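Please read them with the sequence and the structure at hand.

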Amino acid sequence: AKNLVLAGVKSVTLHDDGNVELWDLSSNFFLSENDVGQNRAQACVQKLQELNNAVLVSALTGDLTKEHLSKFQ
């Protein structure tokens with residue numbers, strides 16, 4: 001996601017059903033202790049957005065449906 005945002009694509013949507021746990025902090029440098037308990041995708045949106053304001057960064061949580069996926073290329 002970081003590379004896509006830095007490259008300047010039109011938009012990036014993150015999907016993750018899980019919540020941040022302490023062990024996630026060692027593998028995702030966009031997360032901090034303050035994010036523990038929050039959805040992982042939502043916790044990363046703001047930090048990714050700061051990398052490039054020209055890219056729309058959003059989060060999608062919950063189950064992926066055909067309707068959700070049909071909105072993407």
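1. In this predicted model, the side chains of Asp24 and Arg40 meet in a salt bridge, with an N to O distance of 3.4 Å. The pair links distant parts of the chain, since Asp24 belongs to the loop between β1 and α2 while Arg40 belongs to helix α2, 16 residues apart. Asp24 is buried, its relative accessible area being 4%, whereas Arg40, at 21% relative accessibility, counts as partly exposed; the limit for calling a residue buried is under 20%.

2. Arg40 also meets the side chain of Asp16 in a salt bridge, here at 2.8 Å from N to O. Asp16 lies in the loop between β1 (11-15) and α2 (40-49) and Arg40 in helix α2, so this pair ties together parts that are 24 residues apart in sequence.

3. A further salt bridge joins Asp35 and Lys47, whose closest N and O atoms are 2.7 Å apart. This pair, too, links distant parts of the chain, with Asp35 in the loop between β1 and α2 and Lys47 in helix α2, 12 residues apart. Asp35 is buried at a relative accessible area of 7%, while Lys47 is partly exposed at 26%. Salt bridges that share partners join Asp16, Asp24 and Arg40 into one network, and a search of the whole structure finds 3 salt bridges.

4. Leu56 and Gly8 are 48 residues apart in sequence, and their C-alpha atoms are 9.6 Å apart in space.

5. Phe72 is found in the segment after α3 (66-69), and at 40% relative accessibility Phe72 counts as partly exposed.

6. As for annotation, an unreviewed UniProt entry places the feature "domain: THIF-type NAD/FAD binding fold" at residues 1-71, and the assignment should be read with care, because such annotations may be inferred rather than shown by experiment. In the model, the end C-alpha atoms of residues 1-71 lie 18 Å apart, and the span is 28% helix and 14% strand.

Technical notes. Residues are numbered from 1 along each chain as its sequence is written. This is a predicted model: local features need pLDDT of at least 70, side-chain atom pairs count only at pLDDT 80 or more; totals for chains, interfaces and linings use all residues. Side-chain values use heavy atoms; hydrogens and water are left out. Helices (H or I, at least four residues) and strands (E, at least two) are DSSP runs, numbered from the N terminus. Buried means under 20% relative accessible area, exposed over 50%, partly exposed in between (1.4 Å probe, protein chains only). A salt bridge is a side-chain nitrogen of Lys or Arg within 4 Å of a carboxyl oxygen of Asp or Glu.
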